[in-house]
Amino acid sequence: MKTVIKTKDLTKIYNSSVAPVKAVNNVSLEFGEGEFTAIVGPSGSGKTTFLNLIGGLDKPTEGQVIIDDTDISNMKESKLFDFRLKNIGFVFQSYNLIPVLTAKENVSFIMLLQNQAKEAMEKRAVEMLEQVGLSDKIDVRPSKLSGGQQQRVAVARALASKPKFVLADEPTANLDTESAFNLLDIMSRLNKEENITLIFSTHDQRVIDRARRIITLVDGAVSKDEAFDR
Amino acid sequence: MKTLLKLAWRNLWRKKRRTFITVSSVMFAVVLAIAMMSLIEGTRELFVESVVSQTTGHLQIQDVMYHDEPSMDHTLEYGEEVYSTLEKHSDLIDYTVPRIQGFCLGAKDMGTRGVFVMGIIPGKENRMNNLSSRMVEGEMFSDNDDYAVIAEGVANLLELSIGDTIVLIGQGFQGMSAAGKFKVGGIIEFPMPEQNNTMVYLPLQEAQWFFAAPERLTNLIIMAENESNINTLAQNLSDDLDSEWFAVKTYEELMPDVLQAFETRDAQVRLFSWILYIVAGFGIFGTIIMMIHERLREFGILLSIGLKRAQLAIICLFETLFISVIGVLSGIVVGFPIMYWLNKNPIQVGDDLAEVMLDMGFEPVMPFSIAPDIFIYQATTIFIIAIVVGLYPVRKVFKLDMISAARK
């Protein structure tokens with residue numbers, strides 16, 4: 001299996017006013033193409049910081065993040081913006097759709113920033129909305145969608161541009177059980193169909209139960225890395 | 001860019017009421033500023049029009065020394081050089097009004113009075129300022145007559161009436177004494193006491209003989225075909241006339257003190273209108289601050305998913321510009337018809353003030369101008385303020401820590 005993400009001795013220290021905090025401590029991991037991985041651990045264990053580091057949203061204090069042979073640890077901000085745009089999809093806890101755009105426009109947004117052709121872009125957006133079961137909500141703005149529906153649009157947005165991997169920071173935290181299962185079914189199916197690497201940070205047992213790999217972080221360091229055949 | 005514009009436009013209408021209030025504040029500031037500037041410009045136009053038509057004309061050709069030392073010794077020769085120069089530029093000239101004028105002593109019996117004698121061609125003077133319409137008794141002379149028309153105040157002070165004789169004594173050209181007696185053939189009334197108590201009119205040729213200055217003028221007034229060509233005409237005439245003998249002066253050069261007084265008043269009004277702009281600017285700024293701070297999390301997310309800081313800054317800048325442009329356009333749309341109506345139907349001022357204005361030779365109205373400059377100035381000023389205000393969100397976006405913003 002081809003390695004998509006590789007971290008080497010990844011460390012992030014926050015200099016708080018009281019004492020420096022090691023949010024991520026010397027983490028070396030590899031993530032293969034098409035993996036469905038859950039990063040778990042108690043609050044403050046460094047899950048989100050780790051995701052931010054491998055997503056290029058934050059700079060490590062030490063160590064490297066290598067994505068497809070490209071070290072993004074010390075990349076300039078302008079290049080990092082382009083890199084993220086082309087290679088990484090994000091799903092956040094609180095949906096975070098653009099409120100003034102319709103579902104289709106939200107899904108098209110990243111492809112639009114990538115300057116994709118209009119027709120292909122719209123076709124792909126509609127296709128993705130169909131895949132997440134929202135073909136009847138194409139022209140609806142986020143305020144008219146339920147939380148679960150908004151998160152499905154967010155998933156469609158993250159996957160529409162066919163990124164190398166998708167980072168999802170507690171995507172089911174704000175969803176009821178039915179919506180959460182529904183979303184996980186969709187993500188799991190898309191993971192298999194599109195062979196996109198999915199990495200979740202989560203507390204949610206429903207997500208953990210679906211993951212084929214579970215990495216447990218404690219105090220910023222990897223305490224367990226288990227693989228499951230699901 | 002189209003997408004960024006679309007986003008900015010839609011963002012504006014997320015909170016319709018707030019946008020409406022901000023746009024309204026800009027609109028009212030623009031309408032008020034337009035009204036003030038329109039009144040100021042209207043007053044200035046009325047004043048200039050009045051002074052130009054009553055006194056200076058658009059331009060004057062004078063002897064080179066006359067402006068600094070107005071005496072009969074500094075009259076100009078109204079001869080071939082002047083004629084040919086005027087002919088050369090006749091396409092820019094509407095008409096000319098020749099005058100010879102000077103202070104004299106007017107007397108009747110034992111009474112004497114300082115008077116201002118002006119030799120004129122009545123037809124040309126009427127075209128410029130409709131002088132004959134001010135006649136209250138007798139009639140205006142024609143070019144070949146030899147009698148005087150005097151102002152009502154002079155007539156009262158010297159107890160002159162139609163048919164009486166006024167004796168004039170003054171200084172003529174090159175040390176000659178100017179002395180003559182003229183029958184009073186008409187009495188004219190001026191609203192300004194300064195004019196009403198001093199003016200004595202003689203036919204031009206008669207005045208030239210009186211001042212011993214035949215074929216000479218103190219000033220040759222020129223009315224331009226088009227007001228916008230005054231400076232060009234002045235330059236052309238200056239270029240063609242011998243600068244050793246002749247000077248060409250525009251009305252602005254002939255009354256610099258008065259125009260300076262207007263400039264001072266304009267500056268005060270501009271200062272007040274800038275206060276309005278600042279109030280409007282803070283209105284926009286307040287809205288923008290709220291719009292930015294309530295969306296910091298969204299900004300963090302947008303930057304995370306791939307929107308560049310410059311693109312986000314453009315969205316924010318366009319939001320500011322949209323508010324300002326809508327406000328300014330609404331202000332102009334509301335303000336222009338009001339100013340247009342006031343321009344066509346000027347407000348009549350009250351009795352006391354009307355009397356003062358009449359005394360000063362002005363129509364007793366509050367004139368409003370609809371010069372395009374006024375509206376362009378408002379639009380440009382608010383636009384510049386919007387750009388300045390718009391720099392705040394731009395700076396904010398470029399300094400934004402996207403992780404902490406996304407967590408808000």
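**Figure 1. Overall view of chain B.** The accessible surface of chain B comes to about 19700 Å², and 58% of this area belongs to carbon and sulfur atoms. Accessible areas come from the Shrake-Rupley method with a 1.4 Å probe; for residues, only the protein chains shown count as cover. The model is predicted: local features need pLDDT of at least 70 and side-chain atom pairs count only at pLDDT 80 or more, whereas totals for chains, interfaces and linings use all residues. Residues are numbered from 1 along each chain as its sequence is written, chains are lettered from A and ligands numbered from 1 in the order in which they are written, and side-chain values use heavy atoms, with hydrogens and water left out. The secondary structure of chain B comprises 15 helices and 14 strands, where helices (H or I, at least four residues) and strands (E, at least two) are DSSP runs numbered from the N terminus. Chain B is more spread out than a compact globule, because its radius of gyration is 31 Å, well over the 22 Å that the globule rule gives for 408 residues. The radius is taken over C-alpha atoms, and the rule is 2.2 Å times the number of residues to the power 0.38. Along the principal axes, the C-alpha atoms of chain B fill a box of roughly 100 × 50 × 30 Å.

Figure 2. Of the 408 residues in chain B, 50% count as buried; buried means under 20% relative accessible area, exposed over 50%, and partly exposed in between (1.4 Å probe, protein chains only). Among the contacts in chain B with a separation of 6 or more, 79% are between residues 24 or more positions apart, a contact being heavy atoms within 4.5 Å. Chain B carries 32 positive and 48 negative side chains, and the centres of the two sets lie 29 Å apart. Lys and Arg count as positive and Asp and Glu as negative, while His and the chain ends are not counted; the place of a charge is NZ of Lys, CZ of Arg, CG of Asp or CD of Glu.

**Figure 3. Overall view of chain A.** Chain A has 7 helices and 10 strands. Its radius of gyration, 17 Å, agrees with the value near 17 Å for a compact globule of 230 residues. The C-alpha atoms of chain A fill a box of roughly 50 × 40 × 40 Å along the principal axes. Buried residues make up 57% of the 230 residues of chain A, and the chain exposes about 9900 Å², with 46% supplied by carbon and sulfur atoms. The 30 positive and 31 negative side chains of chain A have centres 3 Å apart.

**Figure 4. The interface between chains A and B.** The contact takes 26 residues from chain A and 21 residues from chain B. Together the chains bury about 2100 Å², 63% of it on carbon and sulfur atoms. On the chain B side, Arg10(B), Ile305(B) and Ile403(B) lose the most area to chain A, together 28% of what that side buries. Buried area here is the accessible area (1.4 Å probe) that two parts lose on being put together, summed over both.

Figure 5. H3(A) is largely enclosed by the rest of the structure, because 10 of its 11 residues are buried. Among the buried residues are Val107(A), Phe109(A), Ile110(A) and Met111(A). Their cover includes helices H2 (77-87), H4 (118-131) and H5 (147-160) of chain A, together with helices H1 (2-12), H11 (296-305) and H12 (309-344) of chain B. Just after H3(A), Asn115(A) takes a positive phi of about 60 degrees.

Figure 6. Ser94(A) is found between strand S6 (88-91) and helix H3 (103-113) of chain A. With a relative accessible area of 27%, Ser94(A) is partly exposed. Not counting residues up to four places away in sequence, Ser94(A) touches Asn174(A) and Arg297(B). The C-alpha atoms of Ser94(A) and Gly147(A) are separated by 8.5 Å, the two residues being 53 residues apart along the chain.

**Figure 7. Gly300(B) in helix H11.** Gly300(B) has its place in helix H11 of chain B and is buried, with a relative accessible area of 0%. From C-alpha to C-alpha, Gly300(B) and Phe336(B) are 43 Å apart in space, although 36 residues apart in sequence.

**Figure 8. Positive phi angles in two loops.** Most residues other than glycine have a negative phi. Glu170(A) has a positive phi near 45 degrees and lies in the loop between strand S7 (165-169) and helix H6 (177-194) of chain A. At 14% relative accessibility, Glu170(A) counts as buried. Ala212(B) has a positive phi near 55 degrees, in the loop between helix H7 (204-210) and strand S10 (216-217) of chain B.
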